[in-house]
Amino acid sequence: MFSYRHGFHAGNHADVLKHLCLIATVRYLMRKNAPLLMVDTHAGAGVYRLDGDYAQTSGEADAGVQRLAQAFSQAFDPAAQAAPAPAAIKDIAVGLRDYLALVASFNPRLPWRTYPGSPFVLQHLMDEPARAAVHDRLKLFELHPSDAQALVGNIEQLGAGRRVAVAPEDGFAGLRALLPPPPAPGGSRRALVLIDPSYEIKTDYGKVVAAIQDALKRFPTGVYLVWYPIIARPEAHDLPRRLRTLAQQAGRSWLNATLHVGAAADESGGLTASGMFIVNPPHTLKATLDEALPQALDALGEGRGRGAAWSVDAGAA
């Protein structure tokens, strides 16, 4: 039950897609000067070493975020001798630029050695000077004993205080108690939920559907992001269709983004595609991803085989 460790996969192409979507969504929600409850149901260890044993064993980050960093190194290497040419930054899609800049903020130079998982991404955004006074809250769930212990230690080092809470519990069960969120001063209720289990256990697919169905009943205006693998398994194939049906039945808008990096040149197997399904996405998200995903794929798919592609589909409420 506890064999999956995200440290082996941190910074891979699936993380690129997930965090592109997550950052763009949170940025939009934070335009409003009202507190936001953010929930990560499967938080992992929070932050990862790209030069550690796990990442080096899999090499997935080298074909993921490290490849992006090299492709755009002129704009995102803090140790560069000269300032980047304005065109080097201007020509990068806004969403991709924001993602790479955030990861770069955790690293003094290339190659990058630290990768912020979703908890650190969310904490970074809520703690930026322009946002800190709003007092957003972050709730993190992690059931894996080792990762939960590491997560507690990593979060303590941030000194975030009571604004960030860690629970070594099942995130599917813990989410129910958080929705609807309590009203902030002024009466507004706002929440963003990220659900990204390993899907190592087939029942995770059904649990995701049940969690979204319950969440939409408890708090239909929340923003819900679901990461999923694209693999040859019926449950994986059906998941985005089932989520789309739930969104449509609830009268909510939705967005489904996919990224296929193509077959590995050495035919070593492994995950080559994943998706992000978002209920109540920002109206700006589709345009952001339409611009960012082609640039990301140009770098991530270089040297790989057939099947490289991206897509963004959306439906209105």
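Ala, Val, Leu, Ile, Met, Phe, Trp, Tyr, Cys and Pro count here as nonpolar, Asp, Glu, Lys and Arg as charged, and the others, Gly among them, as polar. The model is predicted, so local features need pLDDT of at least 70 and side-chain atom pairs 80 or more, while totals for chains, interfaces and linings use all residues. Residues are numbered from 1 along each chain as its sequence is written, and side-chain values use heavy atoms, without hydrogens and water.

**Exercise 1.** Describe the lining of the second largest pocket.

Step 1. Sort the lining by type: six residues are nonpolar, three polar and four charged.

Step 2. Look for the source: α1 (13-29), α6 (94-104) and α12 (285-300) each supply at least two residues, and α1 gives the largest share, five. Helices are DSSP runs of H or I, at least four residues, and strands runs of E, at least two, numbered from the N terminus.

**Exercise 2.** Which strands does β4 pair with?

Step 1. Pairing requires at least two DSSP bridges between two strands.

Step 2. β1 (residues 37-40) runs parallel to β4 (residues 137-141), with four bridges; Met38 has Leu138 as its bridge partner.

Step 3. β5 (residues 164-167) also pairs with β4 in the parallel sense, over four bridges, and Leu140 stands opposite Val166.
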